[in-house]
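This report describes how a protein meets its partner molecules. Please look at the structure before reading on.

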2 protein chains.
Amino acid sequence: MLLTRASEYALLALDIIRNADKPKGAEQLSIELSIPKSFLAKILQGLAKEGILESKKGAHGGFVLVKKSSEISIASIVIAAEGKTPAVFDCSQYSTTCPNGSIGSCTISPFLVTFQTKIDTFLQKLTLEDIFK
Amino acid sequence: MLLTRASEYALLALDIIRNADKPKGAEQLSIELSIPKSFLAKILQGLAKEGILESKKGAHGGFVLVKKSSEISIASIVIAAEGKTPAVFDCSQYSTTCPNGSIGSCTISPFLVTFQTKIDTFLQKLTLEDIFK
DNA sequence: TATAAATTAGAGTAAAATAGTCCTAATTAG
DNA sequence: CTAATTAGGACTATTTTACTCTAATTTATA
Ligand code: SF4
Ligand code: SF4
């Protein structure tokens, strides 16, 4: 699977956050979405680190959007949630075991690059606003 | 990752098979590609079951293409190799834990469907011949 | 200024998927 | 007959995913 639960939870949470007028806490979100609080908290922290969310500590704290929904790409969200860009097939991960020896020089590499580019482009052009229309 | 080593090995092997004039054995292929023989054999068996390859047992046996490269879609190869269609995010896998209750009815479902369709279409239109050009 | 409500950081664990292995049986060309 | 080769199935190892737990830190507000 290209995406994991981290991206699922991130997107579900962001839809609630963008429609709220006050900061939303991790616990509240986890209840509304029926998903594990600790796990969601970790994901929201990641989004905050990447500048997609602003986090407010302490009483009445929580998470709010920094930019407008139309200015946040799905690519940036997924990268923040997963900790890396979603890959069709990550040769670099197999750097030590690439049967070809030198990565990116096998017969199927052009296909992999083309495919990956398609996906990257699609996710970069799509915004948080787009996907809820 | 969307694809696993099964798809990588399948495609690498198919490129050799399509350029050969005699049946290619699993062992020979595994040597040429420097990949594990037993694992490759399993993958080739899968391709044969799906009618992408014809397998010939016994001495001088091996695998040959049944159709022309231009008539074999990458989608069919990947499905045969992976045992399932490559999914962006497979909700059905989480049927018991979908926080939304009824699968496919959450706020991000439309996005997931659109994305999945893009990928399906891309892989269905692309043939084995195309990717080596 | 004490307290309760929050996020933050990091380590640790459980479950699932991936990437194989291994052995035995069946088939077939020579 | 026999050596070469695929077929099938059970099994194991490794890696990734999906969490959990605890302690520290920050901050509104009573
Ligand atoms: S053989 Fe090709 S696909 Fe496989 S790891 Fe090497 S470069 Fe990547
Ligand atoms: S909440 Fe949406 S994305 Fe998650 S499993 Fe259910 S339908 Fe799929």
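## Polar contacts with the DNA

A polar contact is a pair of N or O atoms within 3.5 Å. In this predicted model, a polar side-chain atom of B:Thr4 is placed 3.4 Å from a phosphate oxygen of DNA strand C. Chain A also reaches the phosphates: a backbone N or O atom of A:Ala26 lies 2.9 Å from a phosphate oxygen of DNA strand C. A base is approached by A:Lys42, where an N or O atom of the side chain is 2.5 Å from a base oxygen of DNA strand C.

The elements giving two or more residues to the surface near DNA strand C are α3 (37-49), β1 (53-56) and β2 (62-65) in chain A, and α1 (5-18) and α3 (37-49) in chain B. The largest share, three residues, is that of α3(A).

## The surface around DNA strand C

DNA strand C is surrounded by 25 residues, and the closest are A:Lys42, A:Ser55, A:Tyr94, B:Thr4 and B:Gln93. By class, this surface has 10 polar, eight nonpolar and seven charged residues.

## The site of ligand 1

Ligand 1 has residues of chains A and B around it, so the site is shared between chains. The residues around ligand 1 include A:Cys91, A:Cys98 and A:Cys106, as well as A:Phe89, A:Leu112 and B:Glu8. Sorted by class, the shell around ligand 1 has eight nonpolar residues, three polar and one charged.

Definitions and conventions: Residues are numbered from 1 along each chain as its sequence is written. Chains are lettered from A and ligands numbered from 1 in the order in which they are written. This is a predicted model: local features need pLDDT of at least 70, side-chain atom pairs count only at pLDDT 80 or more; totals for chains, interfaces and linings use all residues. Side-chain values use heavy atoms; hydrogens and water are left out. A residue is near a molecule or strand if one of its heavy atoms lies within 4 Å of it. A polar contact is a pair of N or O atoms within 3.5 Å; within protein, one must be able to donate a hydrogen and the other to accept it, and residues adjacent in sequence count only if both atoms are side-chain atoms. Helices (H or I, at least four residues) and strands (E, at least two) are DSSP runs, numbered from the N terminus. Ala, Val, Leu, Ile, Met, Phe, Trp, Tyr, Cys and Pro count as nonpolar, Asp, Glu, Lys and Arg as charged, and the others, Gly among them, as polar.
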